[in-house]
Amino acid sequence: MADYNYDVTFIGSGHAAWHAALTLRQAGKSVAIIEKDTIAGTCTNYGCNPKILLEGPFEVLEKLGHYEGILSQDVSVDWPALMEYKKQVINPMSDGMQQMMEQAGIDILMGHGKLQDARTIQVDDRTITSEYIVIATGQHSNVLDITGKEHSHTSREFMDLEVLPRRITFIGGGIITFEFASIAVKAGAEVHIINYSDDYLEGFHTGHVDQLMDKLKAEGVQFHSNESTTEIVKNEADYTLKTESGLALDTDYVVDATGRVPNVAGIGLENAGVRYSKKGVEVDAYLRTAQKHIYASGDVLDKDIPKLTPTATFESDYIAANILGMNPDPIEYPAIPMVLYTLPRLSSIGVTVAQAKEDDSYTVKTVKFGERMVFEYKNETEAQMDIVLNQNKQLVGVEIYGNDAADLINVLTFAVNQQVTVKDLSSMIFAFPSPSSGVLDLLKFEML
Ligand SMILES: Cc1cc2nc3c(=O)[nH]c(=O)nc-3n(C[C@H](O)[C@H](O)[C@H](O)COP(=O)(O)OP(=O)(O)OC[C@H]3O[C@@H](n4cnc5c(N)ncnc54)[C@H](O)[C@@H]3O)c2cc1C
Ligand SMILES: NC(=O)c1ccc[n+]([C@@H]2O[C@H](COP(=O)([O-])OP(=O)(O)OC[C@H]3O[C@@H](n4cnc5c(N)ncnc54)[C@H](O)[C@@H]3O)[C@@H](O)[C@H]2O)c1
């Protein structure tokens with residue numbers, strides 16, 4: 001048998017990689033992780049974690065708003081102090097992860113990984129060989145190819161801003177735009193959203209999206225629909241964003257949030273005979289590429305399911321089990337929850353209301369739990385969920401609008417994936433009062 005430097009080598013160190021790396025190392029495999037930027041990847045360093053940390057104080061402001069007349073509303077967020085706090089909490093995480101992996105016996109190779117052939121990887125000026133390889137290179141922010149594109153910023157740069165600009169313009173009507181616009185406007189910035197169509201937040205419940213947009217408009221966010229950005233002009237003290245229709249918007253900071261692009265270029269996929277397209281790396285039902293010993297995992301995959309941290313983790317765990325022979329079956333994804341971390345949040349799992357309306361076998365119900373349980377939902381009367389039941393009256397889909405939508409969807413993910421019945425719910429006692437027990441009580445009633 002051929003002699004390789006490592007049993008398994010990962011290109012990338014995000015969630016798609018390190019979960020499998022640890023499991024494989026614990027099972028006695030020799031493992032290397034190649035990383036060219038920051039150990040632990042996007043979510044930990046410039047994605048989910050800093051995003052939710054920065055959002056924390058604004059969530060408090062949002063909740064304060066439900067007690068007007070009871071609590072003084074004269075509170076504001078000190079952005080520079082918040083940024084300092086973000087650095088204190090987030091910056092050490094990468095080193096901590098590196099130490100944890102090295103203590104487990106994983107070799108961390110810093111540098112740009114590039115396949116030379118199907119078993120050989122060049123890492124800057126050194127070369128290693130590996131029996132198995134996992135491509136876990138993630139995605140990068142799209143940058144619109146327009147004049148003055150060098151004046152636009154990515155989500156990563158936005159989350160490093162020491163001072164929040166007075167006027168911020170987001171290009172794109174997707175997740176990143178809404179999450180950042182939601183906090184920027186609460187921080188007092190003048191916020192504009194430029195979208196090249198009039199569709200926003202594709203995939204989320206359209207009624208909830210409309211409700212969220214109305215709220216953001218009331219807070220001051222200005223939406224510019226059906227506008228195609230053509231140019232960003234640098235002026236002496238600010239910038240002007242121009243569109244095809246003639247809109248000229250003066251602003252201090254432009255965030256390009258027009259999507260994320262799989263990192264498939266410059267990593268030697270063609271040298272190794274791995275098939276890919278601009279949508280990502282092509283894999284079979286076992287997450288194996290055209291070369292059966294080369295797997296791909298996480299955001300870099302060409303797949304139709306949401307590109308999220310929990311799916312990257314799920315795939316990483318699957319690959320470890322498959323390589324160890326513990327799971328020889330094709331990967332089987334459960335229903336995957338999506339959460340939009342705006343104020344309030346939107347979340348969903350399973351069959352959507354839009355899908356259910358196309359199929360007579362489903363029943364759709366709207367449950368205005370915020371109105372019905374004012375005390376448990378702390379005056380958030382707008383909170384509601386739209387549920388989809390199948391013919392057996394089991395919960396197959398939920399879409400939520402409300403501050404607690406992230407935690408509630410986790411409870412309901414359990415109900416959807418386990419095909420829970422009213423009898424199951426009635427056989428359990430839940431703590432009361434709490435947001436989840438309120439929702440479960442109402443759910444039982446709707447499922448009867
Ligand atoms: C602003 C933002 C907010 C997000 N919020 C959420 C959220 O709230 N919830 C959620 O579930 N998901 C969220 N996501 C998505 C989530 O971050 C990704 O789904 C997740 O990080 C994917 O993990 P990954 O390991 O596939 O990729 P990554 O974490 O991107 O890791 C890939 C790694 O590969 C490295 N790499 C690339 N090419 C090479 C090379 N040639 N050599 C060596 N190393 C290389 C990169 O530097 C990177 O570290 C967010 C993303 C962004 C951008
Ligand atoms: N809460 C979460 O789970 C979370 C949060 C942030 C990011 N993410 C990850 O990042 C991705 C979101 O990134 P995003 O918000 O940049 O992408 P997105 O796909 O959600 O939104 C992109 C937006 O840009 C628009 N657009 C695309 N091309 C354009 C063009 N040429 N000109 C103008 N507009 C254009 C699209 O119509 C869309 O509105 C998610 O898919 C997910 O993988 C997840």
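Q: In this predicted model, which residue of strand 14 is the bridge partner of Tyr239?
A: Strand 13, residues 239-243, and strand 14, residues 248-251, run antiparallel and are joined by four bridges in the predicted model. Within strand 14, the residue that forms the bridge with Tyr239 is Thr251.

Q: Which residue in the hairpin of strand 13 and strand 14 takes a positive phi?
A: The hairpin has four residues between its two strands. One residue of this hairpin has a phi near 105°, and that residue is Gly246.

Q: Which residue other than glycine has a positive phi near 50°, and where is its place?
A: Most residues other than glycine have a negative phi. Against that background, Asp124 is a residue other than glycine with a positive value, near 50°. The loop that holds Asp124 runs between strand 5 (120-123) and strand 6 (126-135).

Q: Which helix packs on the open sheet of five strands, and what angle does its direction make with that of strand 24?
A: The open sheet has the strand order 20-21-24-23-22 with antiparallel pairing, and its edge strands, each pairing on one side only, are strand 20 and strand 22 (363-367). Neighbouring strands of this sheet are turned against each other by 10° on average, direction ignored. The helix that packs on the sheet touches strand 20, strand 21 (345-350) and strand 24 (395-402). It is helix 12, residues 405-417, and its direction makes with that of strand 24 an angle of about 175°.

Q: Over how many bridges do strand 22 and strand 23 pair?
A: Strand 23 covers residues 384-389, and its pairing with strand 22 is antiparallel. Thr363 stands opposite Leu389 of strand 23. The number of bridges over which strand 22 and strand 23 pair is five.

Q: Why is helix 3 described as roughly antiparallel to helix 4?
A: Helix 3 packs against helix 4 (residues 79-103) with the two axes 10 Å apart and at an angle of about 150°. Angles over 145 degrees count as roughly antiparallel, so the orientation of helix 3 to helix 4 is roughly antiparallel.

Q: How many nonpolar residues does the contact of helix 3 with helix 4 have?
A: Asn49, Pro50, Leu53, Leu54 and Pro57 of helix 3 meet Leu82, Lys86, Val89, Ile90 and Met93 of helix 4, where helix 3 passes helix 4 in a right-handed crossing. By class, this contact has one polar and one charged residue, and its count of nonpolar residues is eight.

Q: Which helix gives the most residues to the shell around ligand 2?
A: There are 21 residues around ligand 2, and Gly172, Gly173, Gly174, Ile176 and Lys307 come nearest. Two elements give two or more residues to this shell, namely strand 20 (338-340) and helix 6 (175-186). The element that gives the most, with four residues, is helix 6.

Q: How many charged residues are in the shell around ligand 1?
A: Of the 34 residues around ligand 1, those that come nearest are Gly12, Gly14, Gly41, Gly138 and Gly298. Elements that each supply at least two residues of this shell include helix 1 (15-26), helix 3 (48-64) and helix 9 (309-323). By class, the shell has 13 nonpolar and 15 polar residues, and its number of charged residues is six.

Q: Which residue is joined to Pro344 by a cis peptide bond?
A: Most peptide bonds are trans. Pro344 lies in the loop between strand 20 and strand 21. The bond in question has an omega of about 0°, and the residue it joins to Pro344 is Leu343.

Technical notes:
Residues numbered from 1 in each chain as written. Chains lettered and ligands numbered in written order. Predicted model: local features only at pLDDT ≥ 70, side-chain atom pairs only at ≥ 80, totals over all residues. Near = placed C-beta within 6 Å. Nonpolar A, V, L, I, M, F, W, Y, C, P; charged D, E, K, R; others polar. Pairing = 2+ DSSP bridges. Axes fitted to C-alpha atoms, helices over the stretch in contact; angles between N-to-C directions. Contact = placed C-beta atoms within 7 Å. Parallel < 35°, antiparallel > 145°, perpendicular 65-115°, else oblique. Left-handed = near helix turned anticlockwise from the far one by under 90°.
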